[in-house]
Amino acid sequence: MVSAVPGADAPVANLRITMQTNVNPQALALWDIANRAMDAKGDLAGSKIPSDNWATLLKIGKDLEEGGRTLATSNGAVAAPPGAKLQDEGNFGASTAVDVQRFIDAKSAEFRGHGLDLQKTGAGLVKAVGTHDAKRLSALAGSLDEVRESSVES
Ligand code: HEM
């Protein structure tokens, strides 16, 4: 099981870098492609996805899978470099880097579980892209939002 306690030599994940390089731009691009390919009923139509977007979707799936794996297999994680503030920090109700770090340290198994969810969603996307399965793609794009909402940043 991936969310089991990793070995002491497992790398420490840098969350901000993982989010900024492997997760957030990819999620935004996925949702954008999905939104543009809606039919009149609001369902994702595979025929409305331009052919070059399928290659982009494949890369998105692979990046998300890898980002999830980084979190799922990490031996602890650093929320942000010392002294750094999170994007929304200072907004009412937003977490601070210290809050986030405290959560990660206290609930590392749960944290890795969220990473595993992300990894699985990415893997599912890769598969759905392979078969041009728009229905599955749509379901995964939606569940990615749930993965984000249930993660520590919510
Ligand atoms: C679709 C899924 C996700 C999206 C779009 C997303 C997006 C983001 C964004 C935009 C930030 C702010 C980065 C910054 O401050 O520059 C962030 C931070 C963070 N995310 Fe995610 N995230 C996702 C999934 C996850 C998952 C699955 C986890 C945990 C396993 C996670 C944990 C965190 C944490 C702890 C932070 C705060 C650390 C920091 O910004 O330094 N996220 N995420």
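**Chat: helix packing and the core**

User: Hi! At what angle do α4 and helix α5 pack, and how far apart are their axes?

Analyst: Helix α5 (residues 134–150) packs on α4 at about 165 degrees, and the axes are 10 Å apart. Axes here are lines fitted to C-alpha atoms, for helices over the stretch in contact, with angles running from 0 to 180 degrees between N-to-C directions. Helices are DSSP runs of H or I with at least four residues, strands are runs of E with at least two, and both are numbered from the N terminus. This is a predicted model, in which local features need pLDDT of at least 70, side-chain atom pairs count only at pLDDT 80 or more, and totals for chains, interfaces and linings use all residues. Residues are numbered from 1 along each chain as its sequence is written.

User: Are α4 and α5 roughly parallel or roughly antiparallel?

Analyst: Given that angle, α4 and α5 are roughly antiparallel (under 35 degrees is roughly parallel, over 145 roughly antiparallel, 65 to 115 roughly perpendicular, the rest oblique).

User: Which residues make the contact?

Analyst: From α4 they are H114, D117, L118, T121, G124, L125 and A128, and from α5 R136, L137, L140, S143, L144, V147 and S150. Contact means C-beta atoms, placed from the backbone, within 7 Å.

User: Nice. What about α2 and α4, how do their axes cross?

Analyst: Helix α2 (residues 51–72) and helix α4 (residues 108–130) have axes that come within 7 Å and cross at roughly 160 degrees. That makes α2 roughly antiparallel to α4.

User: Changing topic: which residues have the most contacts inside the largest nonpolar core?

Analyst: L30, A77 and L125 do, in a core of 31 residues. A nonpolar core is a set of buried Ala, Val, Leu, Ile, Met, Phe, Trp, Tyr and Cys residues joined through C-beta atoms within 7 Å. Two or more residues each come from α1 (15–36), α2, α3 (97–106), α4 and α5, with the largest share, seven residues, from α1.

User: And what does A77 touch?

Analyst: Apart from neighbours within four places in sequence, A77 is in contact with V12, A13, L15, L71, I104 and F111.

User: Last one: is A10 buried or exposed?

Analyst: A10 counts as exposed because it has 12 C-beta neighbours inside 10 Å (20 or more other C-beta atoms within 10 Å is buried, 12 or fewer exposed, in between partly exposed, with C-beta atoms placed from the backbone). A10 lies in the segment before β1 (13–14). Its C-alpha atom is 7.1 Å from that of T73, 63 residues apart along the chain.

Key. Two residues are in contact if their C-beta atoms, placed from the backbone, lie within 7 Å.
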